[in-house]
Each structure stands twice: as C-alpha cells, then as structure tokens.
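Okay, thanks for coming, everyone.

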Amino acid sequence: MEPVHIEPFFAALAAANPEPETELEYKSDFELLCAVLLSAQATDVSVNRATRTLFAAASTPAQMLALGLQGVQAHIQSIGLYRSKARHLLQTCQLLLERHGGQVPRSRAALEALPGVGRKTANVVLNVAFGEPTLAVDTHVFRLANRSGLAPGRTPLEVERGLLARIPPAYLRHAHNWLILHGRYVCRARAPLCGQCHVAAWCDTAPHNAAASAPPRP
C-alpha cells in the first residue's frame, strides 16, 4: 500500500464506524483486563458467555480471590485453557492488590509483569481502557495488515511496529478496533468479502486492484 493511500484507507474505516468498540463485555478496567486475559485462543463470544456469570460473582480483585481457584474455574470452564487462565487470573488479582492498590496499572511494564498478561493483552488494556495510541496485533490484524499491504511483517511485533509507524496520529486512537473488526467480519481468512469492503480501493490484493496491477499479456 502506497503511503498516499493510508489516510483515505482509515478515513473510510472511520466513516463506516466512527466509534468502534471492543466486542468484549466489561464494566470496569479490571473486568476488561480479566476478559482480555481470558480471550487468548478463545472467541469473544465464548469469553462473554463465561464472564457474565464470573463478573456477577466477582467484579474486583478481592472478590475474585475470594472465589478461589475452583470457583473461578467453575465459571470459565467452557473457555480453552481455563485451568491455567484461572491460575493466572488469581495471581494477577493478588499482584493488583499487593502492588497497585487493587487498580489496573497504566504502565506497559507493570501490565506485562502480571501473570498471563503479554504484550498483546497490555496493548488492548492501554488502548481500550486508557485511550493510549497503541494497538494489539491478533490474527485478524496480522492478516489484514499483510493482505492489504498496510504494514507487512513476518511477526506480530514487526506488524505492530509497522502499523504504529504508518497510521496517521489522528486515527491511532481507534485503529485497534477498526482493524480487528474489519479483519473479523470483512477481510476474513477464508472468502474475504472484497465486494462489501469499504477500503478495497486501497488494498494491495483486492481482486480489481490485483487485476489492474498485473502486467499485460503478450
């Protein structure tokens, strides 16, 4: 994707969805952190189904610890890797109380020091909870960035750095959710909906663009 195409690419995403939001359900920064921690290798739908009962029973670190390991597992056992996630969640709650007064820290280093919280989870929390101009590269964003030519890369970190370098500052606040939602519902892994795509005009691999850029036949 040529640099001149990046601004109209994001302008089209913004026009189609001016205020994009995560599909994870939460009512506090703590609930967001828990939901994102639980979402690794799981769908937002499955996480929301589990956290509706979990958050009704425990919506603070202290309440989560009071549930105990078996109590947390009972709520999230429908999610993949639920045993390790339950342990990480309780360990994180303990550290939130011990180091941060029960509050979710706004520092990347402090977030990544929490059990089960890696760079992607930290980026989601920093962006969604605190409005930081950063983004997380999940499978949808990774695919979209490479397929469109927006920020090609071999690893999520390489793609993340490419996106942060190329996305105009005015669009960084919402870029995370725009790209995730577009990759999830339009630029799908199989049978992408190029005919319904708001940004196909600037995508390197949209069918009409690929045809236009192909060398003429002899």
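Let me start with the second largest pocket: its lining divides into 6 nonpolar, 3 polar and no charged residues. For those classes, Ala, Val, Leu, Ile, Met, Phe, Trp, Tyr, Cys and Pro count as nonpolar, Asp, Glu, Lys and Arg as charged, and the others, Gly among them, as polar.

Before I go on, a word on what you're looking at. This is a predicted model, so local features need pLDDT of at least 70 and side-chain atom pairs count only at pLDDT 80 or more, while totals for chains, interfaces and linings use all residues. Residues are numbered from 1 along each chain as its sequence is written, and side-chain values use heavy atoms, with hydrogens and water left out.

Back to that pocket. The residues lining the second largest pocket are Leu13, Ala16, Asn17, Trp178, Leu181, His182, Tyr185, Val186 and His198. By pocket I mean, on a 1 Å grid over the protein atoms alone, an open set of points where a 1.4 Å probe fits, with protein on both sides within 12 Å along at least five of seven lines; lining residues have an atom within 4 Å of a point. Its volume is about 150 Å³, where volume is the space filled by probe spheres set on the points, and grid points are joined across faces, edges and corners. Helix H1 (3-16) and H10 each supply at least two of the lining residues, and H10 gives the most, with 4. Helices here are DSSP runs (H or I, at least four residues), numbered from the N terminus.

Now the largest pocket, at about 570 Å³. Which residues lie nearest its centre? They are Ser39, Ala42, Asp44, Asp138 and Arg184, out of 28 lining residues. Helix H3 (44-57), helix H7 (119-129), helix H8 (139-148) and H10 are the elements giving two or more residues to that lining. H10 has the largest share here, with 6 residues. By class, this lining has 10 nonpolar, 10 polar and 8 charged residues.

Staying on H10, look at glycine 183, which lies in that helix. Glycine 183 counts as buried because its relative accessibility is 0%; the cut-offs are under 20% relative accessible area for buried, over 50% for exposed and partly exposed in between, with a 1.4 Å probe and protein chains only. Leaving out residues up to four places away in sequence, glycine 183 touches His140, Arg143, Leu144 and Arg188, where contact means heavy atoms within 4.5 Å.

On to H7. Because 8 of its 11 residues are buried, H7 is largely enclosed by the rest of the structure. The buried residues of H7 pack against H2, helix H6 (108-112), H9 and H10. After H7 comes glycine 131, with a positive phi near 70 degrees.

H1 has buried residues too: Ile6, Phe9, Phe10, Ala12, Leu13 and Ala14. Their cover includes H8, helix H9 (156-166) and H10.

Next, a helix pair. Helix H4 (residues 61-76) and helix H5 (residues 82-100) pack at about 180 degrees, with axes 9 Å apart. That makes H4 roughly antiparallel to H5, since angles over 145 degrees count that way, under 35 as roughly parallel, 65 to 115 as roughly perpendicular and the rest as oblique. The axes are lines fitted to C-alpha atoms, for helices over the stretch in contact, and angles run from 0 to 180 degrees between N-to-C directions. The residues where H4 meets H5 divide into 14 nonpolar, 3 polar and 3 charged. In the loop between H4 and H5 you'll find leucine 81, whose phi is positive, near 60 degrees, in a residue other than glycine.

Cysteine 34 sits in helix H2 (residues 29-38) and, at 1% relative accessibility, counts as buried. Apart from neighbours within four places in sequence, cysteine 34 is in contact with Phe55, Met64 and Leu89. Its C-alpha atom is separated by 6.9 Å from that of leucine 89, 55 residues apart along the chain.

Last one: is alanine 191 buried or exposed? At 52% relative accessibility, alanine 191 counts as exposed. Alanine 191 also has a positive phi, about 50 degrees, although it is not a glycine, and its place is the loop between helix H10 (169-185) and helix H11 (207-213).
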